[in-house]
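The following exercises concern a predicted model. Each task is followed by a solution in steps.

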Amino acid sequence: MPLNELLALLLLATTMTFTPGPNTVLVTALAARHGLRAALPFCLAVPSGWLLLMAAVASGVGALVAAEPALRGALKLLGLAYLLSLAWRLARAEAGPAATPTREQPLGYREGVLLQFLNLKAWMFALTLSAGWVLPRPGEEGTALPRLLTVLAVMAFYGFGSNFSYAVLGAALRGWLAGGPVPGRRMRRFNRVSALLLALTALWMLRFDGPVPG
């Protein structure tokens with residue numbers, strides 16, 4: 001891959017992965033409630049799920065999604081339902097002190113992988129990368145696989161780095177969330193604000209038909 005294309009890919013990957021979105025909201029809240037170690041499976045799930053999605057798009061499944069409005073609509077509705085269910089689960093989470101263990105089951109690896117396949121924005125981003133960076137240029141026949149491997153490596157690095165960074169932020173908030181004059185109040189408000197952001201993101205994605213930051 002030429003240097004100018006690689007630099008453009010790195011810039012796009014930074015914009016798409018480090019700006020707030022469903023993954024980053026969830027992993028921040030997860031680390032704030034359960035700690036950095038508990039958030040690691042989700043941090044690993046996001047790039048894993050997205051790499052599987054990118055491989056599916058590059059194999060031709062993405063073209064089917066792009067060409068079928070009914071399929072895109074179904075993905076939107078499934079993604080909306082899943083994100084709203086996660087938002088509801090977060091809003092109803094126990095309001096105990098952040099520094100103490102909670103009995104609830106944190107989001108895990110499988111849920112993180114599933115989220116990528118129900119995110120229409122992720123599909124459109126993968127299509128953008130496939131068209132702009134994976135498909136070989138005229139006179140470069142046979143370069144699709146090396147290009148795909150480069151894209152997968154970059155997105156794996158950025159996907160994990162982004163979510164891990166937000167997880168570190170969430171873990172750093174645990175002490176502050178545990179304080180305050182009323183135990184649990186800060187955590188309760190943090191959960192509800194995170195749930196609201198996730199719900200708003202889900203509703204906003206109903207209008208989405210192309211790649212945007214987040």
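**Exercise 1.** Determine the geometry of the aromatic pairs in which Tyr158 takes part with Phe18 and with Phe157.

*Solution.* Step 1: rings pair if their centres lie within 6.5 Å, and planes over 60 degrees apart count as edge-to-face. Step 2: the ring centres of Phe18 and Tyr158 are 6.3 Å apart and the planes stand at 85 degrees, an edge-to-face pair. Step 3: Phe18 belongs to helix α1 (residues 3–18) and Tyr158 to helix α8 (residues 144–172), so this pair ties together parts 140 residues apart in sequence. Step 4: for Phe157 and Tyr158 the centres are 5.6 Å apart with the planes at 80 degrees, so this pair is edge-to-face. Step 5: Phe18, Phe157 and Tyr158 make up one aromatic cluster. The count of aromatic pairs in the model is five.

**Exercise 2.** Describe how helix α5 and helix α7 pack, and name the residues that make the contact.

*Solution.* Step 1: two packed helices are described by the angle between their axes and the distance between the axes. Step 2: for α5 (residues 69–91) and α7 (residues 120–134) the angle is about 135 degrees, and the axes are 9 Å apart. Step 3: α5 and α7 are therefore oblique to each other. Step 4: α5 contributes Arg72, Leu75 and Lys76 to the contact, while α7 contributes Leu120, Trp123 and Met124. Step 5: these contact residues comprise four nonpolar, no polar and two charged.

**Exercise 3.** Which residues does the UniProt annotation "transmembrane region" cover, and what is the helix content of residues 6–30 and of residues 42–67?

*Solution.* Step 1: the unreviewed UniProt entry places the annotation on residues 6–30, 42–67, 112–135, 147–169 and 190–208. Step 2: residues 6–30 are 88% helix and 0% strand, with end C-alpha atoms 33 Å apart. Step 3: residues 42–67 are 92% helix and 0% strand, and their end C-alpha atoms lie 31 Å apart.

Notes. Residues numbered from 1 in each chain as written. Predicted model: local features only at pLDDT ≥ 70, side-chain atom pairs only at ≥ 80, totals over all residues. Heavy atoms only, no water. UniProt positions renumbered as here; feature names shortened; annotations may be inferred. Helix = DSSP H or I, 4+ residues; strand = E, 2+ residues; numbered from the N terminus. Axes fitted to C-alpha atoms, helices over the stretch in contact; angles between N-to-C directions. Parallel < 35°, antiparallel > 145°, perpendicular 65-115°, else oblique. Contact = heavy atoms within 4.5 Å. Nonpolar A, V, L, I, M, F, W, Y, C, P; charged D, E, K, R; others polar. Phe/Tyr/Trp six-rings, centres within 6.5 Å; stacked < 30°, edge-to-face > 60°.
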